[in-house]
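Subject: A structure for you to explore

Hi there,

Here is the structure I promised to pass on. Please open it beside this email and follow along as you read.

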Amino acid sequence: MFSRRRFMKALSLAGCSQLFNSKNRSALAAILPPAETASDDLTQYVNIRIGTGGHGHTYPGASVPFGAVQLSPDTYTKGWDWCSGYYESDASLMGFSHTHLSGTGCGDMLDVLLIPNVSEVKWIPGTRENPSEGYRAPFSHADERMEPGYYAVPLKDRGIHAELTASERTGLHRYTFPANSASHFILDFAHSYDDPPNPVSDATLEIVGNDTITGGRTVHSWANGRRIYFAAQFSKPFASAQLQQDDVLLAAGTNSAMGKRLKAALCYSTNDSEQILVRVGISGVSVANALKNLQSEMPGWDFEATRTAARAAWQRELSRIRIETTDVTQRTIFYSSLYHMMLAPTLFDDVNGEYCGMDGQTHQLAPGEHNYSTYSLWDTFRALHPSYTLFQPDRVPSLVNCLISMAEQSPAGMPVWPLQGKETGTMTGYHSAAVMAEACVKNFQGIDWERAYKVMRKRNMIDDYRGLGYYRAMGYIPADKVDESVSKTLEYDYDDWACSHVADRVGAQDDANIQRQRSKNYRHLFDSKTQFIRAKMSDGSWAEPFDPIDMGHTDAYRDYTESNAWQTTFGIMHDVKGYMEMWGGREPFVNKLDELFTVPSTLPKNAPPDIAGMVGQYAHGNEPSHHIAYLYVYAGQPWKTQWRVNSLLLTEYHNDPDGLAGNEDCGQMSAWYVMSALGLYAVDPVSGNYVLTSPLFDKATLTVTGGNKLVIETKRPSPNAIYIHTVTINGKKSNKLWISHSEIAQGGHIVFELSTEPNKHLGTAPELAPPSLTA
């Protein structure tokens with residue numbers, strides 16, 4: 001398995017949906033909401049800098065919601081904190097490339113780098129220490145301008161102002177030049193995330209006419225062997241153009257190149273303040289499709305119209321959740337989080353419906369369907385995908401159908417972490433099953449569950465995949481046979497639980513019974529003596545030595561995935577009630593849960609940096625901890641959830657570049673904030689239920705299925721009132737602190753009355769706890 005931990009170890013060893021033409025733009029305007037006042041402009045509350053520092057790993061450039069293009073500056077292409085190609089501490093940039101990852105723990109992408117310059121043509125980027133030796137451009141973060149769908153920065157050393165915007169499959173650049181007879185662009189098609197170094201195995205470039213350049217390449221980085229194609233057209237014909245092939249300058253007049261390291265210099269004489277625009281389409285299928293995407297989405301050169309359309313697309317999506325609050329900082333964090341939640345998954349299809357499948361072949365989509373990339377499933381099944389079932393319901397069937405097709409096409413089977421037609425295999429479990437099952441339980445239409453269960457069953461019942469054979473035969477994965485055995489066992493427990501629901505749907509009751517029983521395999525790894533979930537050897541003995549802060553009993557065979565025994569011990573999400581029975585009841589379970597948040601935050605030297613945002617041994621910076629604060633509701637002490645979640649909301653998220661506790665992880669870190677701030681969190685997404693906690697805002701209005709409204713209203717006598725006194729759901733007072741998706745999917749009204757003192761009676765009885773497998 002290519003885990004983020006292995007990725008980091010390798011580094012240390014190495015050192016608008018569419019823009020219509022003017023004729024159709026009025027038709028687009030007719031179906032969009034009316035123009036909104038400046039105070040109603042939610043994009044103004046998005047601080048794109050959040051996550052560009054610390055370990056957030058986000059990028060600052062231009063994209064549209066779920067867009068295939070992420071047009072953004074690259075400052076460096078090596079190292080863990082540069083997985084997105086950008087870091088806020090850098091003072092020079094290499095150029096602007098068209099594909100980026102948002103908050104991942106592994107790096108890739110950075111396709112089709114373009115950088116403008118004047119005077120001498122320099123073919124190498126130069127270094128951060130000495131940028132002038134190459135085409136690198138010094139810049140100041142104070143000069144950057146970032147807004148949803150737009151990025152700008154002056155490159156003062158060359159007197160050029162750079163601006164970027166985007167549609168779904170195209171990027172549009174605008175560069176304002178000084179007067180100079182040697183103005184030029186470098187298009188660096190060798191530029192990529194350099195892990196491993198020089199990952200491009202083959203590439204082509206072709207100059208077409210005097211204003212267009214096209215190309216394609218194969219990249220062997222994280223998504224090993226992915227193909228990407230582009231077509232770039234310039235608003236002004238080249239005065240001259242030259243190609244470089246594998247560090248050799250080709251003869252003047254040569255219009256094509258093939259090799260591993262291809263670059264082009266596109267030269268001009270410019271007048272003062274002259275603007276040159278560049279429009280770039282990308283495709284995973286072919287150059288011809290990249291051109292079709294370009295011609296369809298970007299038929300003209302109207303930069304401001306494209307920028308306006310991108311901003312309108314963001315306003316439309318951000319408006320699906322409207323909050324009312326006097327806290328300007330939290331409003332900014334909320335809408336910045338909501339923005340990050342819509343940067344992935346990303347479109348990976350063309351305007352003609354073609355896409356590159358997981359088998360490397362070109363496929364045709366049915367009308368209305370889409371193909372996506374960039375599913376960070378180990379992370380996002382927890383809160384991001386559950387949030388989509390509320391505020392992005394129309395997108396859910398397409399996202400799930402895409403996962404089903406991936407599983408059918410991919411040699412690797414069920415998607416784990418798919419990226420641009422390749423399976424990276426990163427992280428444990430096969431949590432595409434959880435995303436599918438959640439949609440099944442919530443009764444989303446337009447999904448063939450027979451097709452879905454066929455691919456789910458193959459992985460669940462047949463494949464000998466990463467210890468699944470041991471898991472089925474022994475009831476756990478032995479630590480002396482498979483690495484990260486404890487985490488894998490618990491992940492497979494949850495995927496069993498997920499598969500059982502779809503098995504129920506298609507009438508495979510025998511399978512469902514097996515899967516539910518097997519989802520209790522965590523019981524084999526609970527050590528009642530130490531009160532920890534521990535690794536067990538193939539002979540049934542506990543793995544030794546054991547220290548709950550360690551990653552495992554040996555460095556070579558870690559027992560836990562980006563976690564330790566403290567976090568993993570609270571990793572059972574679907575059978576909390578049955579798990580508490582193993583502790584001897586609620587009280588000892590709560591005592592241990594209290595201890596999790598209060599013991600020292602000491603970690604061993606070999607702990608991965610993903611384990612961050614520490615509160616005791618709770619690690620908010622990584623996903624295995626995200627549901628844990630909500631477990632108090634199951635254990636009859638919900639006021640502790642209310643206090644703890646409020647504390648995490650206020651301390652783990654900040655309105656600055658280092659504003660995230662860990663990797664953004666394609667929207668999951670932000671989704672925890674958004675759902676928790678709304679007062680709803682899916683501890684067990686497959687169950688179709690949400691656990692309730694104290695909302696952060698006075699009022700939130702969500703646009704849900706059919707355009708209906710879900711209103712969440714919070715009445716608090718003072719700012720210190722963080723405890724739930726009463727909950728009223730659709731006019732009726734509730735005696736429980738959880739709610740099913742079906743109760744709110746079509747809209748509704750939830751009213752929280754808060755108090756400065758906890759209500760130790762509301763929702764505390766065992767029969768009022770959220771549902772578990774053990775009922």
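Let's start with two terms: a residue is buried when its relative accessible area is under 20%, exposed when that is over 50%, and partly exposed in between, using a 1.4 Å probe and protein chains only. Strands (E, at least two residues) and helices (H or I, at least four) are DSSP runs, numbered from the N terminus.

A word on the source: this is a predicted model, in which local features need pLDDT of at least 70 and side-chain atom pairs count only at pLDDT 80 or more, while totals for chains, interfaces and linings use all residues. Residues are numbered from 1 along each chain as its sequence is written, and side-chain values use heavy atoms, with hydrogens and water left out.

**Strand β18**

How many residues of β18 are buried? Nine of its 10 are, so this strand is mostly covered by the definition above. Two strands pair if DSSP finds at least two bridges between them. β18 pairs with β9 (residues 170-177) in the antiparallel sense over eight bridges, and F177 has E274 of β18 as its bridge partner. β13 (residues 224-234) also runs antiparallel to β18, joined to it by six bridges; here A231 is partnered with G281.

**A six-stranded sheet**

Next, find the open sheet with the order β19-β32-β33-β37-β34-β35, where the pairing is mixed. β19 (321-324) and β35 (732-734) are at the edges with a single partner strand each, so one side of each has no neighbour in the sheet. Within this sheet, β34 (residues 723-729) pairs with β35 in the antiparallel sense over three bridges, and I729 has K732 in β35 as its bridge partner.

Grid points are joined across faces, edges and corners, and a volume is the space filled by probe spheres set on the points.

The largest cavity holds about 230 Å³. Of its 18 lining residues, R382, S487, L490, E491 and G571 are the closest to the centre. Helix α12 (residues 485-506) gives the largest share of this lining, five residues.

The second largest cavity has a volume of about 100 Å³. Its lining has 16 residues, with A68, I282, L347, F348 and Q420 nearest the centre.

**Two residues to look up**

Is P478 buried or exposed? P478 counts as buried, at 0% relative accessibility, and lies in the loop between α11 (468-474) and α12. Contact means heavy atoms within 4.5 Å. Not counting residues up to four places away in sequence, P478 touches Y470, S485, K536, M537 and S538.

Q244 lies in strand β14 (residues 240-245) and is buried too, with a relative accessible area of 8%. Leaving aside neighbours within four places in sequence, Q244 is in contact with W123, L249, R261, L262 and K263.

Enjoy exploring!

How values were computed
On a 1 Å grid over the protein atoms alone, a cavity is a set of points where a 1.4 Å probe fits but cannot get out, and a pocket is an open set with protein on both sides within 12 Å along at least five of seven lines; lining residues have an atom within 4 Å of a point.
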